[in-house]
Amino acid sequence: MYQLSSSVTWKKLQTLADKTQDDRIADYFTSDPNRFDKMSLRLGELFLDYSKNKVSDEVLKTLIALAEHSPLRQRRAQMFSGDIINITEKRPVLHTALRNRGDEPVVVNGKDVMPDIRAGLKKLEAFSHKVRSGEWKGFSGKRIRHVVNIGIGGSDLGPNMVCRALLNDKHPELSFHFISNVDGQHIKKVLSDLNPETTLFIVSTKTFSTQETLLNAKTARRWFHEKTSAQTDMSQHFVAVSTNQNAAMKFGISRENIFEFWAWVGGRYSLWSTIGLPIALSIGYDRFIELLEGAYEMDRHFVEAPLEQNMPVLMALIGIWYINFLGAETQAIIPYDQALHQLPSFLQQLDMESNGKSVDIDGHPVDFATGPIVWGQTGSNGQHAFFQLLHQGTRFVPIDFIASLAPDEKTEEHHFALLTNMLAQANAFMNGDQKSGILDFASCPGNRPSNILLLESLSPRNLGALIALYEHKVFVQGAIWNINSFDQWGVQLGKRLATEISRNIELKSSDYDPSTQGLMDIVREHMHSKNTAQQPTSAAKAKKSAKLEAAPTTGNKEP
Ligand code: F6P
């Protein structure tokens, strides 16, 4: 029986946490001048410098032992081979199969799924070529110029983040819009600038049952028919990406316009599937494949590299050291790259929806911390927003800095400033500035750790590798914590209650706590007063008619 927190290795790490609590990261370099060379790794065009972490050689060695004694190796083999590791939903976890560039089969329920995956890619290739070339026309014979993805969570964050990151590769005649929030302002703003003749809607929803997405899709469909006519054929303007073909067809999307994927693809791991349709439309099918190839290279590294030279394993273990032994509650993601400004949001869902769990796969409550709060913002902006807390606050916040070495066209001077700022910040976080050796209002204590990830360039291939790196980092932590990283029961309660409350708000139901009840009453009154404001009340009607009767008959027509 795998009892993580009572294992010898876990207890040794607790001892080491006490023993090293006064260590200074900077001193590790003094005692080992080769630390940077020893604690940096290169994979293709990705470079990871993990030497500025608060880990001694002994701690790192013990962390590797923790991984060795955990279910990691077995769980990793199970994932890649299509075993059912998402046990509460009784599903395999096969986002890696979507980007499998090898010839080996991947068997699910006795069937090799690779032929279906390849067929799905072929359909994606044909469609993206038609739309990008202008061959695909709208109902009035015009080419598509606007692509609107309607989806939320994994059906939005992945494609949205990748399209934004690779904006330089975007098709010059296509504009991309992402609608996710159920707040009507979101869709209203996007639709206000669009022409239905040249707009293609992608309704992206794995289940085709998510309230926000269905409401936004219905509003888009109504907008389309109001702007054209109720009879206008929408088949050239609405496609769907879903595992639920029947629901998509019931919405009015023709079968051939449905891009399917499978239940064994988790929403937050789905951008490699047809959920990535906006990406293929934006950057083209060939570059979409480069994205998958980059991820595949990271997959091979994750499977083949020894644990002590394995990028996702090392990042995961250092994260576990901070979370479970040094008390870190959050993980900061700070891309020094404006094109990656949506990466923190994407990684929030990836990490927090995967490892925000408190029960292990055997159904027992865990007695240790699990997934961190992931947050972040681009540098150098963060330097003028929250770096003060990171430098002089009381909290221990590990940071991942991410940047690409190649500047965008004609921005060399800016890029030099960007990179030197990042290097300076990582240096300052580690070394601090305590001239007097005494912490005062002006000094920075330092000893605050960071990883530095450098990409040669922000290419589809390197971005694919970066995303897969984090997917596997999350996987490793979940495997060591022995939790299920692939279900998300916690979000079902809110969904159910939203439906229930919206139904009960009219019924003045008293099944709720006084706070919820009081708020429901306020919302109901507000809705009523808004509605009646549009239709005069009986009192208002009586007042108006009395006024009319009293008025002199002057021949002037009352306004
Ligand atoms: O947040 C819950 C969740 O189920 C995510 O896992 C998923 O990515 C999102 O909602 C959207 O789900 P769907 O793609 O089925 O609309």
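This is a predicted model: local features need pLDDT of at least 70, side-chain atom pairs count only at pLDDT 80 or more; totals for chains, interfaces and linings use all residues.
Let's start with the ligand. The space that the ligand takes up is the largest pocket. Its shell consists of 14 residues, and the closest are G154, S155, T207, T210 and E353. Sorted by class, this shell has 9 polar, 3 charged and 2 nonpolar residues. If you look for helices here, α15 (343-355) and α19 (490-504) each supply at least two residues of the shell.

Now zoom in on the oxygen atoms of the ligand. In the side chain of S155, an N or O atom is 2.6 Å from a ligand oxygen. The side chain of E353 also takes part, with an N or O atom 2.7 Å from an oxygen atom of the ligand. K206 contributes through its backbone, where an N or O atom lies 2.8 Å from a ligand oxygen. How much of the ligand does the protein bury? Taken alone, the ligand exposes 390 Å², and the protein buries 88% of that.

The largest pocket holds about 810 Å³ of space. Its lining comprises 38 residues, and those nearest the centre are T207, T210, Q488, Q492 and K495. By class, the lining divides into 19 polar, 11 nonpolar and 8 charged residues.

The second largest pocket is our next stop, with about 540 Å³ of space. It is lined by 27 residues, and D337, A339, P407, D408 and H415 lie nearest its centre. Two elements give two or more residues to the lining of this pocket, namely α8 (157-165) and α17 (412-431). Which of the elements provides the largest share of that lining? It is α17, with 5 residues. The lining of the second largest pocket contains 12 polar, 10 nonpolar and 5 charged residues.

From the pockets we can move on to the cavities. The structure holds 5 of them at 30 Å³ or more. The volume of the largest cavity is about 80 Å³. Helix α7 (residues 114-133) gives the most to its lining, with 4 residues. Among the lining residues you will find I117, G120, L121 and L124, along with F261, W262 and W272. The lining of the largest cavity has 7 nonpolar, 3 polar and 1 charged residues; E260 is also on the list of lining residues.

The second largest cavity contains about 60 Å³ of space. Of the 13 residues that line it, I318, Y322, Q331, D400 and N451 lie nearest the centre. Helix and strand elements meet in this lining: α14 (311-325), β12 (399-404) and β13 (450-455) each supply at least two residues. The most comes from α14, with 4 residues. By class, the lining of the second largest cavity has 6 nonpolar, 5 polar and 2 charged residues.

Terms used. Residues are numbered from 1 along each chain as its sequence is written. Side-chain values use heavy atoms; hydrogens and water are left out. A residue is near a molecule or strand if one of its heavy atoms lies within 4 Å of it. A polar contact is a pair of N or O atoms within 3.5 Å; within protein, one must be able to donate a hydrogen and the other to accept it, and residues adjacent in sequence count only if both atoms are side-chain atoms. Accessible areas come from the Shrake-Rupley method with a 1.4 Å probe; for residues, only the protein chains shown count as cover. On a 1 Å grid over the protein atoms alone, a cavity is a set of points where a 1.4 Å probe fits but cannot get out, and a pocket is an open set with protein on both sides within 12 Å along at least five of seven lines; lining residues have an atom within 4 Å of a point. A molecule sits in a cavity or pocket if more than half of its atoms lie within 2 Å of its grid points. Ala, Val, Leu, Ile, Met, Phe, Trp, Tyr, Cys and Pro count as nonpolar, Asp, Glu, Lys and Arg as charged, and the others, Gly among them, as polar. Grid points are joined across faces, edges and corners, and a volume is the space filled by probe spheres set on the points.
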